[in-house]
Every structure is written in structure tokens, then in C-alpha cells.
Amino acid sequence: EPNPNYLGLLGRIVLNTVLIEPYRNPPNRSEIRNCLAKLLAILAELQRQAKRENQSYNEDNAPRLWILSPSARITVLEGFGAKLDPDWSEGVYFLPALYRTAIIAINQLPVTIETLWLRLLGRGKTQNQAVGELLELPQGNAFRENVLELLISWRVTMEINNILETEDREVFMTLSQTYQEWKEATKQEGRQEGKLESIPRLLALGLSVEQIAQALDLD
């Protein structure tokens with residue numbers, strides 16, 4: 001079971017019931033309002049459920065909303081009244097208490113091991129630096145291997161579908177040696193055992209046999 005302390009800031013967030021909304025691009029006002037609407041709908045349903053079951057409703061145990069954004073515009077933060085909290089990391093902005101919501105500007109998080117798992121969800125230089133730190137973790141580390149597998153699957157998908165944004169190229173370069181090692185190990189495994197354990201994972205991504213062969217560079 002994951003150790004919340006090892007996950008750092010992410011572990012602190014998920015200690016309680018949460019609603020997490022990750023964004024690849026910074027959310028605008030409408031998107032943040034939509035997130036708030038989801039949270040309010042959940043809170044309202046929990047209240048109704050407690051009433052149906054003749055139970056008291058304790059809002060302190062209700063879910064919190066965490067909006068993960070690669071960056072955040074000052075005007076948006078100010079518009080929602082989001083402010084830093086001295087008990088939390090730089091880059092974590094809390095809306096007024098009754099909204100039970102925070103916006104995390106990933107590019108503003110301090111570069112520490114405690115923020116690594118969230119910075120991997122950033123973009124450009126922020127994500128690239130986090131990937132570099134991930135690769136420096138000891139081989140055999142369960143979190144390192146699991147996250148690398150996800151990153152490589154993402155790289156394969158992006159490569160096959162030819163969806164490669166300019167700022168992603170630096171991340172792909174950082175991953176390139178690990179990616180090549182993975183491809184060679186996968187080919188060797190296929191030759192030795194007559195099958196590729198990676199195929200089920202790639203099929204789960206909705207890839208065709210031809211696309212998988214292309215991704216794995218099979219002869």
C-alpha cells in the first residue's frame with residue numbers, strides 16, 4: 001500500500017476524501033466553475049443521503065476539490081479569492097474555506113522530493129525536470145518503475161498518433177535512453193519467450209497490431 005509520507009504533497013492531499021481535477025492546460029474561469037459545480041453537487045447528494053438515513057452530516061469529512069494546473073493566472077486566482085496558506089507549500093492556493101477547494105499551480109511548487117509526484121503532471125521544463133529526478137531514483141524502486149511505465153506508454157501513444165507538442169520534445173529526450181532500453185528489452189523478451197508481455201497493455205490503449213509493431217520496432 002502506498003506510503004502517504006513517501007508521496008509527499010500528493011500523499012497529504014489524498015489522506016482524506018478528495019475530488020481531483022487535473023488539467024493539461026491552465027483552466028479558465030468557466031472550467032473552474034464547472035469543477036466547483038461538480039463538488040457542490042456531490043456535497044448536496046451527501047447531505048440528502050444523510051437525511052434519508054437519519055444520520056448527522058459532518059461537513060468536515062466531506063470531499064475537498066483539488067484543481068491541478070500546470071500554471072495559474074493571477075487574475076483567475078484573485079477572481080476566486082484563492083490565497084496561499086502558510087501551512088502548505090508554495091503554489092497551493094486555497095479558495096475561501098466554505099468552498100473546500102484549492103488550485104495547485106504546479107510550476108510554482110518548490111523543487112523537492114515532496115512535490116515530485118505532482119510536478120510530473122506539469123508541462124515543459126517543470127515536467128522535464130521532474131522526469132530527470134524520477135530517473136535518478138534507485139532502480140527497483142516501485143514508484144519509479146510504475147511511473148516510468150506510464151510515461152513510456154504515454155510516449156508510445158503520442159508517437160504513434162503523431163501528437164507531439166514542442167514542449168513535450170524535451171521530456172521525450174530525457175526519456176529517450178530509458179525508452180530505448182525498454183524497447184530492446186521488450187524485443188529480446190519476445191524473441192526468447194515467443195510473446196510480448198507489453199502487448200496487453202498496448203492493446204488496452206486501443207492500439208492495433210500494426211501500431212503495436214510500429215511502436216515496439218519489431219522486425
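Me: Which residues of α5 are buried?
Reply: The buried ones in α5 are Gly124, Thr126, Gln127, Asn128, Ala130, Val131, Glu133 and Leu134. Buried means under 20% relative accessible area, exposed over 50%, partly exposed in between, with a 1.4 Å probe and protein chains only.

Me: What is the model's origin, and what are the cut-offs?
Reply: This is a predicted model: local features need pLDDT of at least 70, side-chain atom pairs count only at pLDDT 80 or more, and totals for chains, interfaces and linings use all residues. Residues are numbered from 1 along each chain as its sequence is written, and side-chain values use heavy atoms, with hydrogens and water left out.

Me: Back to α5. How far does it reach from its first C-alpha to its last?
Reply: It reaches 19 Å. Helix α5 covers residues 124-136, 13 residues in total. The span is close to the 18 Å expected at 1.5 Å a residue. That expected span is 1.5 Å times one less than the number of residues.

Me: How many helices and strands does the protein chain have?
Reply: Nine helices and five strands. Both are DSSP runs, numbered from the N terminus: helices are H or I with at least four residues, strands are E with at least two. Along the sequence the pattern reads α-β-α-β-α-β-β-β-α-α-α-α-α-α.

Me: What order do the strands take in the sheet?
Reply: β1-β2-β5-β4-β3. The sheet is open, has five strands and shows mixed pairing. At the edges sit β1 (18-22) and β3 (83-84), each pairing on one side only. Two strands pair if DSSP finds at least two bridges between them.

Me: Which way do β1 and β2 run, parallel or antiparallel?
Reply: Parallel, joined by five bridges. Isoleucine 20 has tryptophan 66 in β2 as its bridge partner.

Me: And what about β5 and its partners?
Reply: β2 and β5 pair in the parallel sense over five bridges. There, serine 69 has alanine 105 of β5 as its bridge partner. On β4, the sense is antiparallel, with three bridges to β5. Tyrosine 93 is bridged to isoleucine 103 of β5.

Me: Is β5 enclosed or open, and why?
Reply: Largely enclosed by the rest of the structure, because five of its five residues are buried. Both faces of β5 are covered. Thr101, Ile103 and Ala105 are buried on one side, Ala102 and Ile104 on the other.

Me: Switching to backbone angles. What is phi at arginine 100?
Reply: Near 50°, a positive value in a residue other than glycine. Arginine 100 lies in the loop between β4 (92-94) and β5 (101-105). The hairpin of these two strands has six residues between them.

Me: Is arginine 100 buried or exposed?
Reply: Buried, at 6% relative accessibility.

Me: Where is asparagine 54?
Reply: In the loop between α2 (29-52) and β2 (64-69). Asparagine 54 has a positive phi of about 55° although it is not a glycine. Asparagine 54 is exposed, with a relative accessible area of 74%.

Me: Whole chain now. How many residues, and what share is buried?
Reply: The protein chain has 219 residues, and 40% count as buried.
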